[in-house]
Amino acid sequence: MAAKKFVVDLNKPLVCQVGHLGEEYEEWVHQPIMGKEGPRFFHSGVLEVLTRTAWWVIPIVWVPVASWFIYNSFRLGLDTPRLPLFVLLGIFVWTLAEYLLHRFLFHVQTKSYWGNTLHYLLHGCHHKHPMDSLRLVFPPAAAAIIASMIWSIVKLVSTPLVAPAVFGGILLGYVMYDCTHYYLHHGQPKSDVPRSLKKYHLNHHYRVQSLGFGITSPLWDKVFGTVPPPSKADAKRR
């Protein structure tokens, strides 16, 4: 007798269920539900609140932190002409980190109970419910864990003088990334560049989830060959 497939009940908290999908999780999580109302994650009200973050929390939390790091480089003696250059370097480094995290961590394939569960919390929930506005940006506590790892790497490869400025730039890049990501889902861009970015990102969600990992820019997709092929409609227009 064939084993009965596990069916997720969307009316119950999802986090404790998705792990049971096993190998079917990958297909399930990439079948988006378009409603703006997000699902319940946990039975616990406290844990549930911690999974929800409004987009404006990101700049409120992280811009002051980034400014503090940048100021530390200035305080330690990094001169004014070089300070903005290292901040810009940090923003550029973030664009690469954004791509690598999205491609290799957020889209890691899992099939174990805990692998599926952790992936769903990290990024799978966004692909399953892409219009859930309160689970689109990273909760500050989760972002702080990744930020601390990046800070350790920056300290390792930079001098004590420039490391805070570079890391401050990385944090500013992250703020731009998360705010841009929110806008691409919920904004209605009128000009060509943001409209193109929105189309590029929604293509990643609804057509080719295994390509098109850039959010703020397709730069690193072009470098690493992960630009999705044009749709049939786009190909006809050319």
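**Reading the annotated spans**

A: The span of residues 83-101 is 100% helix and 0% strand, and its end C-alpha atoms lie 27 Å apart. Helices (H or I, at least four residues) and strands (E, at least two) are DSSP runs, numbered from the N terminus. This is a predicted model, in which local features need pLDDT of at least 70 and side-chain atom pairs count only at pLDDT 80 or more, while totals for chains, interfaces and linings use all residues. Residues are numbered from 1 along each chain as its sequence is written, and side-chain values use heavy atoms, with hydrogens and water left out.

Q: Where does UniProt place the feature "transmembrane region"?

A: UniProt positions are given in the numbering used here, feature names are shortened, and annotations may be inferred rather than shown by experiment. The unreviewed UniProt entry puts "transmembrane region" at residues 53-71, 83-101 and 136-154. In the model, residues 136-154 are 79% helix and 0% strand, with end C-alpha atoms 27 Å apart.

Q: Which residues does the UniProt feature "domain: Fatty acid hydroxylase" cover?

A: The unreviewed entry gives residues 87-226 for that feature. Over residues 87-226 the chain is 70% helix and 0% strand, and the end C-alpha atoms are 27 Å apart.

Q: How many aromatic pairs does the count come to?

A: Rings of Phe, Tyr and Trp (its six-membered ring) pair if their centres lie within 6.5 Å; planes under 30 degrees apart count as stacked, over 60 as edge-to-face and the rest as tilted. By this rule there are 20 aromatic pairs. One of them is Phe41 with Phe42, an edge-to-face pair at 6.5 Å centre to centre and 70° between the planes. Phe41 and Phe42 are both buried, where buried means under 20% relative accessible area, exposed over 50% and partly exposed in between (1.4 Å probe, protein chains only).

Q: Why is the pair of Phe106 and Phe138 stacked?

A: The ring centres of Phe106 and Phe138 are 5.7 Å apart and their planes meet at 25°, so the pair counts as stacked. This pair links distant parts of the chain, 32 residues apart: Phe106 is in the loop between α5 (83-105) and α6 (113-128), and Phe138 in the loop between α6 and α7 (140-157). Phe106 is buried because its relative accessible area is 5%. Phe138 is buried too, with a relative accessible area of 13%.

Q: Which residues do ring pairs link into a cluster, and which residue has the charged end of Arg135 over its ring?

A: The cluster consists of Tyr25, Trp28, Phe41, Phe42 and Tyr120. A charge sits over a ring if NZ of Lys or CZ of Arg is within 6 Å of the ring centre and within 35 degrees of the ring normal. The charged end of Arg135 sits over the ring of Phe41, 3.7 Å from its centre. Lys128 lies over the face of Trp28, at 4.3 Å from the ring centre.

Q: What lines the largest pocket?

A: On a 1 Å grid over the protein atoms alone, a cavity is a set of points where a 1.4 Å probe fits but cannot get out, and a pocket is an open set with protein on both sides within 12 Å along at least five of seven lines; lining residues have an atom within 4 Å of a point. Grid points are joined across faces, edges and corners, and a volume is the space filled by probe spheres set on the points. The largest pocket holds about 670 Å³. Its lining has 30 residues, with Leu121, Leu122, Phe138, Pro139 and Ala142 nearest its centre. At least two lining residues come from each of α3 (45-50), α5, α6, α7 and α8 (163-186). By class, the lining of the largest pocket has 22 nonpolar, 5 polar and 3 charged residues. Ala, Val, Leu, Ile, Met, Phe, Trp, Tyr, Cys and Pro count as nonpolar, Asp, Glu, Lys and Arg as charged, and the others, Gly among them, as polar.

Q: How many cavities of 30 Å³ or more are there?

A: The count comes to 1 cavity of 30 Å³ or more. The largest cavity has a volume of about 180 Å³. It is lined by 16 residues, and Trp94, Leu101, Ala143, Ile146 and Tyr174 are the closest to its centre. The elements giving two or more residues to this lining are α5, α7 and α8, and α8 gives the most, with 5 residues. By class, the lining of the largest cavity has 14 nonpolar, 1 polar and 1 charged residues.

Q: Is Gly225 buried or exposed?

A: Gly225 is exposed, with a relative accessible area of 56%. Gly225 is in the loop between α10 (219-224) and α11 (232-237).
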